[in-house]
Amino acid sequence: MQFYLDGYEPGDPRIARPLPAAPERGAEPPDTTDVLIVGAGPAGLVLAAQLAAFPGIRTALVDRRNGPLAVGQADGVACRTVEMFEAFGLADQVIAEGYQVNEVTFWRPDPQDEASIVRTGRVDDVEEGISEMPHMIVNQARMLAFLREHMARSAGRAEPWYGLHATGVHVDPDPAAEYPVTVTLQEVEGGRTRTVRARYVVGCDGSRSAIREAIGARLRGDSTHQSWGVLDVLAVTDFPDIRLKSAISSAAGSILIIPREGGYLVRLYIELDNDRDGAMLRDRSVTPEKLAEVADRILHPYRVDVRHVGWWAVYEIAQRVCDRFDDLPDDEAARLPRVFIAGDACHTHSAKAGQGMNVSMADAWNLGWKLGTVLRGTSRPEILRTYSTERQAVAQRLIEFDREFAALFSDRDAEPEKFQHYFREQGRYTAGVAVRYGPSMLTGEPAHQHLAEGFPVGMRFHSAPVVRLADAKPMHLGHAARADGAWRLYAFADRAHPAAADSRLRALCDVLPDLIARFTPPTVDPDAVVDVRAVLQQGHRDVEVRDLPPVLLPRKGRFGLVDYEKTFCPRPGEDLFDLREVDREQGCLVVVRPDQYVAQVLPLHAYTDLADLLGGALVPVR
């Protein structure tokens with residue numbers, strides 16, 4: 001974490017200086033805003049937190065609840081989501097507070113006694129090396145609190161307005177309109193209405209989204225007619241794996257056990273049989289006590305004595321997805337989108353695979369930097385079209401995966417090894433690291449993938465251990481990136497010393513200042529739009545800071561201070577050139593989008609290709 005760039009100030013360095021002459025927050029949202037976000041759930045708060053990194057952008061966030069979520073709902077935090085939270089500086093809080101999922105056990109009917117269950121397998125939750133971050137279990141309410149606290153520390157001191165829901169959306173077709181989207185908001189209590197005009201609107205308002213309905217999008221798919229109960233409980237039990245994630249399928253039904261944070265709390269996802277439990281489903285007489293009785297029935301011969309219920313719910317699995325995530329019908333592809341939907345507003349599925357909150361946050365992570373940089377004026381507005389294309393494909397794959405996973409989970413006739421094999425095979429998907437975006441104006445073709453096989457084009461930048469040159473700090477390379485909207489150029493050096501005349505890295509660094517200046521407004525720091533990082537092959541004691549070219553020692557802030565944190569060296573015993581299969585002879589340039597996805601892998605001398613890639617996404621200033 002870097003701070004004091006513009007002068008020393010005591011106190012918590014995470015709290016940004018407030019915006020000068022910022023308008024006071026009123027009791028109601030403003031009449032006009034750059035972005036109006038409807039819904040303060042996982043997607044809405046990630047989007048608001050990302051936009052808070054752009055101090056000049058005005059964002060209004062409204063939610064129909066009368067206050068922040070207190071308990072319950074989603075709890076699984078995938079490895080990729082923890083990586084994303086690291087970019088906000090929040091990963092340490094998630095890891096410190098949550099339950100870390102290390103192993104999964106599988107239970108099936110005992111072949112000797114079908115009325116009982118036995119453990120049939122035990123595997124690692126995620127494969128070794130898939131991410132430097134763990135799979136965590138943290139109450140969704142706490143995840144949202146972390147994001148609200150981050151927003152409150154931002155320069156705009158952002159926070160949601162509660163008790164409001166959207167009842168109407170109108171988009172002005174005039175492309176010259178300053179605030180083309182008008183949203184009618186109504187008080188949940190009292191019924192009074194008001195309008196807000198915005199440049200962009202994002203509906204993160206759940207499966208019954210009013211924004212989705214307003215733009216004519218439809219959730220398509222089916223209900224499985226399977227109901228599940230969810231219990232967060234403090235309980236005493238003789239089930240031996242109560243503190244391990246456990247998938248249990250017995251003659252009486254299925255349960256997924258998810259240990260929770262704090263050492264005592266546990267979540268039970270309980271399958272409700274349409275015949276055996278149909279009466280209480282039909283007459284809506286489900287209670288926590290009845291759910292606990294079903295859990296006992298499924299876990300036989302083990303018992304669960306529930307002492308306290310923290311939260312409970314019943315839901316029916318529905319696997320549906322919209323065919324578009326913005327307000328552009330196929331016959332209006334010429335104009336730019338103004339209204340977007342994210343999260344449950346555009347895809348719904350079961351909770352057992354733990355993807356709901358994670359995929360919703362990833363939607364917002366994809367959209368947030370695009371809106372932020374377009375409004376800042378550094379990205380071409382056309383990049384907004386890529387949101388629906390990229391995320392709708394991810395959601396469609398999620399629905400397909402969820403159908404397979406839910407069916408196998410409940411199939412008591414399937415061989416135990418089949419489900420365990422499927423679980424292992426799909427581990428990268430459930431960890432959130434299998435997403436791959438196709439070629440677009442933001443992502444190139446993998447013509448030079450052989451230069452860095454471990455950084456697949458279109459997939460998330462897989463961090464690796466390094467040592468920072470200037471201060472010999474062991475760290476992860478990916479943790480140098482913040483959620484600030486900047487593109488990152490990771491230049492992996494050839495074998496030559498960086499000060500040598502034949503260094504390909506040095507030749508690249510001599511060209512980069514002019515290229516970066518082409519897209520960087522003169523009023524911001526030189527790394528605000530395109531941030532250059534270098535990874536050398538030499539050890540950190542074999543290179544001096546004075547050997548580095550100026551682009552790796554940029555001058556920043558009102559005092560023109562030197563940023564020394566741009567250059568890294570391999571960590572002994574964990575050389576990332578080997579870990580990520582980077583060509584040692586040629587080196588390479590890995591271009592990474594602001595959302596940490598690899599846009600392109602290029603040779604160090606491919607200056608024209610780099611200029612073309614950046615020029616396709618960024619707005620030139622000269």
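Guide: The model is predicted, so local features need pLDDT of at least 70 and side-chain atom pairs count only at pLDDT 80 or more, while totals for chains, interfaces and linings use all residues. Residues are numbered from 1 along each chain as its sequence is written, and side-chain values use heavy atoms, with hydrogens and water left out.

Visitor: Why are α12 and α14 called roughly parallel?

Guide: The axes of α12 (residues 504–517) and α14 (residues 607–617) come within 11 Å and cross at roughly 30 degrees; angles under 35 degrees count as roughly parallel, over 145 as roughly antiparallel, 65 to 115 as roughly perpendicular and the rest as oblique, and α12 and α14 are therefore roughly parallel to each other.

Visitor: What makes the contact of α12 with α14, by class, nonpolar, polar or charged?

Guide: Contact means heavy atoms within 4.5 Å, and it is made by A507, L508, V511, L512 and L515 of α12 together with Y607, L610, A611 and L614 of α14. Ala, Val, Leu and Tyr are among the residues that count as nonpolar, and the contact has nine nonpolar, no polar and no charged residues.

Visitor: Why is the pair of F401 and Y429 called tilted?

Guide: Rings of Phe, Tyr and Trp (its six-membered ring) pair if their centres lie within 6.5 Å, and planes under 30 degrees apart count as stacked, over 60 as edge-to-face and the rest as tilted. The centres of F401 and Y429 are 4.7 Å apart and their planes stand at 50 degrees, so the pair is tilted.

Visitor: What makes F3 and Y4 an edge-to-face pair?

Guide: Their rings lie 4.6 Å centre to centre with 80 degrees between the planes, which is edge-to-face.

Key: Axes fitted to C-alpha atoms, helices over the stretch in contact; angles between N-to-C directions. Helix = DSSP H or I, 4+ residues; strand = E, 2+ residues; numbered from the N terminus.
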